Protein chains: 2
Amino acid sequence: MKTYHGKQILITGGLGFIGSNLARALVGQGAHVTLVDSLIPQYGGNPFNIDGFADRLTVNVCDVRDPFAMAYLLQGKDYLFNLAGQTSHMDSMTDPKTDLDINANAQLSILEACRESNPGIKIVFASTRQLYGKPDYLPVDEKHPIRPVDVNGINKLAGEWYHLLYNNVYGIRACALRLTNTYGPGMRVKDARQTFLGIWVRLLIENQPIKVFGDGLQLRDFNYVDDCVEALLLAGASNEANGKVYNLGSSEVIGLKDLADMMVSLGHGGRFELVPFPPERKAIDIGDYYSDFSLISNELGWTPKVGLREGLQKTMAYYLAHHAHYWD
Amino acid sequence: MKTYHGKQILITGGLGFIGSNLARALVGQGAHVTLVDSLIPQYGGNPFNIDGFADRLTVNVCDVRDPFAMAYLLQGKDYLFNLAGQTSHMDSMTDPKTDLDINANAQLSILEACRESNPGIKIVFASTRQLYGKPDYLPVDEKHPIRPVDVNGINKLAGEWYHLLYNNVYGIRACALRLTNTYGPGMRVKDARQTFLGIWVRLLIENQPIKVFGDGLQLRDFNYVDDCVEALLLAGASNEANGKVYNLGSSEVIGLKDLADMMVSLGHGGRFELVPFPPERKAIDIGDYYSDFSLISNELGWTPKVGLREGLQKTMAYYLAHHAHYWD
């Protein structure tokens, strides 16, 4: 893509999982990339995620809740990939205010700063399939009712809609991608705070049993991070995307027990066990979920390219080599 | 209704339009009523709204954004009618942070306080039809997609969903009513900040022309405040309502030009004129809107009883007598 060559790009959550992979792709396309990350230890940022290309971009450590820093950093940028967020569903229930501040309040600050001093910017916002809640039907398309099951889902939705509203009312071009489970090198694997797949990888490498909740029959779809990055780039490059929401997803749908089985079968050892749902997890469980991603396929030409087994193999290989940078 | 006799009731926004009318009804049913109101001059609170029964309840002036005051006041209450809100759509666009703080952040504080020290409380939350945005179809039922057209709609929705979430996850009984245009004695008439009908009443009494935007053909439905109060009381009394959202509405649908005409025809003089939409209004205009309120009719037995002409007549009579308490 020539879209991003020579362009000024800001990525919030830029030292995080998806942000750092996106940064690598953009640097490779000749973009001038600035990463914003709070590096809050419990969140997804990790300086090692940009190891090998850190000298080709700018890192600015600050919190998206800092409106002055954000207003300054947004000046002169052509694109904002707005990926920073509080992503833990459990944390959003135990500390709802922090979730609100990051996922809604800070988003409003960012958009207000754009409105005031950089209305020509294009924004791609990373949203989540979590806000559909427990599906009425499968696969879930963008017309599915919104029904968040946790504080995180409510606040992410507010953040998403602020973006669409600023597109519609002020003409600040913005769109949102509702990400499904994304995995790959760079994800937080120290614990289950970002994605359960993270802790599964760690447990596998540590030869501890993976714990699958309930009967393990819950269906999910997964995107390898390179596919997710491709979708972000396509959405940023397309004016057809402005004001729209797109699901990401995969047609390779799998039960969690089968997923655990696949991970164990990759040849790096490990095992899994079925355990009863912890009550605080059960309360916000959504049962089966997988996406209909035909809208982004039809409009932006995106389809996921990396198969699940291949992606998991790459992921395991990465963490086998680099796990010292991800947990003690 | 015997439900509320002897019960401890808290009403946020209690000196406002709907809150004060609800308070009158509850005091009449023998409830122990405490009103919370910030009395921010630009908002809807007015001490005159409880003239004649102020000695039969408790007024506590504080802001719902004060989490300590709210946590204290919520203790020991049987019912919370949670009506406080920033209601101006224009203000939500010029000062989105304040709207977020009141309509989302403070709601989360209130619910957290209930979770911590009064999980047995029953909450009725006043939401708004504004969050449906520009209707896909009419009349708009509760299954209609949510599509807020302003910051207020997004934040009100977050506030509404926090309530439903705390009902679903923590068992704190809560429901929400999505109010349509409500009018009657006690509404803010000084300006158009609360409802356009307010300023229309003032203009009529001052013999100034009412300004109807655009062609005046936009359809709306209206509820007289007594009907709205009745719905709040029914929702509070019903456990079937818990976790649910209900539209209010009226089957007496009218165009805004015809409404202006009706108001002029009431016999108190005045006139109206069609004026072009101010651009900032046009940007968030939703075209025609009226509600399908069959869900609350079927489940809670609510139907509006006061006809539009009768309600407007009562409203005009009230402000003709008491306007000195509502504007200088």
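How many salt bridges are counted between chain B and chain A? The count is zero, a salt bridge being a side-chain nitrogen of Lys or Arg within 4 Å of a carboxyl oxygen of Asp or Glu.

The model is predicted, with local features requiring pLDDT of at least 70 and side-chain atom pairs pLDDT 80 or more, while totals for chains, interfaces and linings use all residues. Residues are numbered from 1 along each chain as its sequence is written, chains are lettered from A in the order in which they are written, and side-chain values use heavy atoms, without hydrogens and water.

**View 1. Relation of the two copies.**

**View 2. The interface of chain B and chain A.** Contact (heavy atoms within 4.5 Å) joins 28 residues of chain B to 27 residues of chain A. Because 96% of the interface residues of chain B are also interface residues in chain A, the copies meet through the same surface. Between them the chains bury about 2200 Å², 73% of it on carbon and sulfur atoms; buried area is the accessible area (1.4 Å probe) lost on being put together, summed over both parts.

**View 3. Elements on the side of chain B that touches chain A.** Helices (DSSP runs of H or I, at least four residues) α4 (96–117) and α5 (151–170) of chain B are the elements giving two or more residues to this side. The largest share, 11 residues, comes from α5(B).

Notes. Buried area is the accessible area (1.4 Å probe) that two parts lose on being put together, summed over both.
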